Amino acid sequence: MLNRLFDIRPPEKYPIFILFFMFFCIVFSSITGSAMKDAIFLIHYEKTYLPIMYLFVAFAMILFIKLYNENSEGKNQLSLLKITGVIFSLSLLILQFFLSGIVIPLFYIWIEIVTIFSVMQFWIVAGEIFNARQAKRLFPLVIAGGSLAAILSGYSIKPFLTYFNSHNLIYLTVGFLFANVFIAM
């Protein structure tokens, strides 16, 4: 049925399947990571500091994008996605042990960078796999992976927190980031 509805051709089935699950993992990790960063930040700081955090995120993104562009010129985007995915995952695992004081706002900013760059890199890779005509036809299926992740992650956070505490939400976030790297391989 999906083959007829989206006109999926045989050589497109496997890449669509892979991209669907990669986007699922990215969106799942970004939602759980965002929920965790917001909760941790708001426990330790007043909500009046959030606009300042948005400014810091914007400035950090400018610097990070500049650094990324300088170092990614001419490199394989899929390899970069895998490398940054591992770096993001390991850095989040390390940061969890230092979540107090000034590290909490830094963690907030870092989660935003991880989320934005994971999504950006995914779409760059997806754009390299399919041409514009294929993308127009097939990307709704890929986006469905993100929609499914948004639904499932939203419903799974509360039960997860019931059995585990909020600091363990990082393992769910990191697990899906690692899953994305594994799928990319």
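Visitor: Which residues line the largest cavity?

Guide: This is a predicted model, in which local features need pLDDT of at least 70 and side-chain atom pairs count only at pLDDT 80 or more, while totals for chains, interfaces and linings use all residues. Residues are numbered from 1 along each chain as its sequence is written, and side-chain values use heavy atoms, with hydrogens and water left out. A cavity is a set of points, on a 1 Å grid over the protein atoms alone, where a 1.4 Å probe fits but cannot get out, and lining residues have an atom within 4 Å of a point. The lining of the largest cavity consists of Ile26, Leu81, Thr84, Gly85, Phe88, Ser118, Gln121, Leu177 and Asn180.

Visitor: Which helix gives the most to the lining of the largest cavity?

Guide: Helices are DSSP runs (H or I, at least four residues), numbered from the N terminus. Helix 4 (77-95), helix 5 (103-129) and helix 7 (169-184) each supply at least two residues of this lining. With four residues, the one that gives the most is helix 4.

Visitor: Which residues are linked with Lys37 in a network of salt bridges?

Guide: With a salt bridge taken as a side-chain nitrogen of Lys or Arg within 4 Å of a carboxyl oxygen of Asp or Glu, the count is three. Lys37 meets Asp38 at 2.8 Å, N to O, and Glu112 at 3.0 Å, N to O. The Lys37 and Glu112 pair links distant parts of the chain, helix 2 (residues 10-44) and helix 5, 75 residues apart. The network therefore joins Lys37 with Asp38 and Glu112.

Visitor: Is Lys37 buried or exposed?

Guide: Buried means under 20% relative accessible area, exposed over 50%, and partly exposed in between (1.4 Å probe, protein chains only). Asp38, at 30%, is partly exposed, whereas Glu112, at 19%, is buried. Lys37 has a relative accessible area of 4%, so this residue is buried.

Visitor: Over the ring of which residue does the charged end of Lys37 sit?

Guide: A charge sits over a ring if NZ of Lys or CZ of Arg is within 6 Å of the ring centre and within 35 degrees of the ring normal. The charged end of Lys37 lies 4.1 Å from the centre of the ring of Tyr108.

Visitor: Why is the pair of Phe20 and Phe21 edge-to-face?

Guide: Rings of Phe, Tyr and Trp (its six-membered ring) pair if their centres lie within 6.5 Å, with planes under 30 degrees apart stacked, over 60 edge-to-face and the rest tilted. The structure holds 18 aromatic pairs. In the pair of Phe20 and Phe21 the centres are 5.1 Å apart, and the pair is edge-to-face because the planes stand at 80°.

Key
1 Å grid on protein atoms, 1.4 Å probe; cavity = no way out; pocket = protein on both sides within 12 Å on 5 of 7 lines; lining within 4 Å.
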